[in-house]
Amino acid sequence: RQGINAEYGVPFPLIMKVLLLALLTLFLSSGIQGEFHINVTKEEFENALLESTPLQFPENHIVFLGDSTMYRRMMWVMQYVPKGCLGNHIVFDRCNLNQQWGIPPPAQWRVPHLEGPYSAKEQGCTDCHGCPTTRIEKLLCNSSLEYIAMEFFRDVEIQSDLWSTSQENILHYYLVPKYKDLKGVTFIFASGIHDVQLGNATCDRFCVVEKNMKWLIKLWKDNLPNVHFVWLGHSTTQSDVRYSQTAEVMRRVDEIAIELCRQNHISTFNFFDTSTRFPDFLEDNIHHTRRYYVAQSKIVLKVIDSFRAFQGNS
């Protein structure tokens, strides 16, 4: 069949047609929440690259969570939000995160163990220098968009006396109050680029990725039952020998993540194999060009918007 290749996520599959550049066929499913698993082909990505129609931002609440690659996606997506819809936004500094989030710091900081950051020298700071959390202050035109820095599946960059990880503190102080009872919320997430620099003799980099991602999925699923979680798979790298993030390593991270998502009924996009066909879009070892991220976002947001519409009519 033509179009995006998808697989059944839960029992009682239903067929739905999605207009994405051309007539694409999605095989979705019913259920309490539903999910999709999509492997984007080279031809489909080429169509997205050639499509002249501007990226359409859906009537949805989109939260991007990840490292600097996810931040770049969010920034390019934000360029296409109708000017009258995008409210004022605030951009966080890399440090003083507790103060910026309004989270009381702990009496004593816990050092990381098989989790981020790489060093505990800078308390309350992200390791990532290109990941400024960007929050939208208002919800306009039935949509909202924000990016939350999460360069690790689990880290201790933001701590409090109640919780010792960033993920727990951001969840309980911000995400649950804002999104727990809100409909039409999608979390688009990915991590692993920073995580692969962790590990020891008893738990290597892939062990760390699997262990910490399992922990994060359970944390989110237990506390945000109405949110639609979407794994946006990694793209290939330049395999620069100076860095840990070789294409082979990141492919394995993506395989682990997609398998965990399947086990936990979380939607996935797999771009890895297709991304290897477009090496000229790499700007450095891990970051791609604006054109690559916009084409990728066209596919992702159109599918999410159509999936939401399908759920609303089912």
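In this predicted model, the link of C203 and C207 is left-handed, with -95° about the S-S bond.

**The C203 and C207 disulfide**
- The sulfur atoms of C203 and C207 lie 1.9 Å apart.
- C203 has a relative accessible area of 5% and is buried, whereas C207, at 28%, is partly exposed.

**The C95 and C125 disulfide**
- C95 is joined to C125, with an S to S distance of 2.1 Å.
- This link is right-handed, with 115° about the S-S bond.
- Distant parts of the chain are tied together here, as the two cysteines are 30 residues apart.
- C95 sits in the loop between β6 (89-91) and α3 (97-101), and C125 in the loop between α3 and β7 (134-136).
- With a relative accessible area of 22%, C95 is partly exposed, while C125 is buried at 6%.

**The C128 and C131 disulfide**
- Here the S to S distance between C128 and C131 is 1.8 Å.
- The disulfide of C128 and C131 is right-handed because the torsion about its S-S bond is about 75°.
- C128 is buried, at 5% relative accessibility, and C131 is buried as well, at 4%.

**Another buried cysteine**
- C261 has a relative accessibility of 0%, so it counts as buried.

**Nonpolar cores**
- The largest nonpolar core has 85 residues, and those with the most contacts inside it are L145, F187 and I188.
- Helix α8 (residues 290-313) gives this core its largest share, 11 residues.
- Leaving aside neighbours within four places in sequence, I188 is in contact with I62, V63, F64, L65, M70, V230, L232, V300, L301 and I304.
- A second, separate core has five residues, among them L114, F152, L198 and V208.

**Helix α2**
- How much of helix α2 (residues 68-78) is buried? Eight of its 11 residues are, so the helix is largely enclosed by the rest of the structure.
- The buried residues of α2 are S68, T69, M70, Y71, R73, M74, V77 and M78.

Methods: Residues numbered from 1 in each chain as written. Predicted model: local features only at pLDDT ≥ 70, side-chain atom pairs only at ≥ 80, totals over all residues. Heavy atoms only, no water. Core = buried A, V, L, I, M, F, W, Y, C linked by side-chain atoms within 4.5 Å. Buried < 20%, exposed > 50% of the residue type's maximum accessible area, 1.4 Å probe, protein only. Helix = DSSP H or I, 4+ residues; strand = E, 2+ residues; numbered from the N terminus. Contact = heavy atoms within 4.5 Å. Disulfide = S-S within 2.5 Å.
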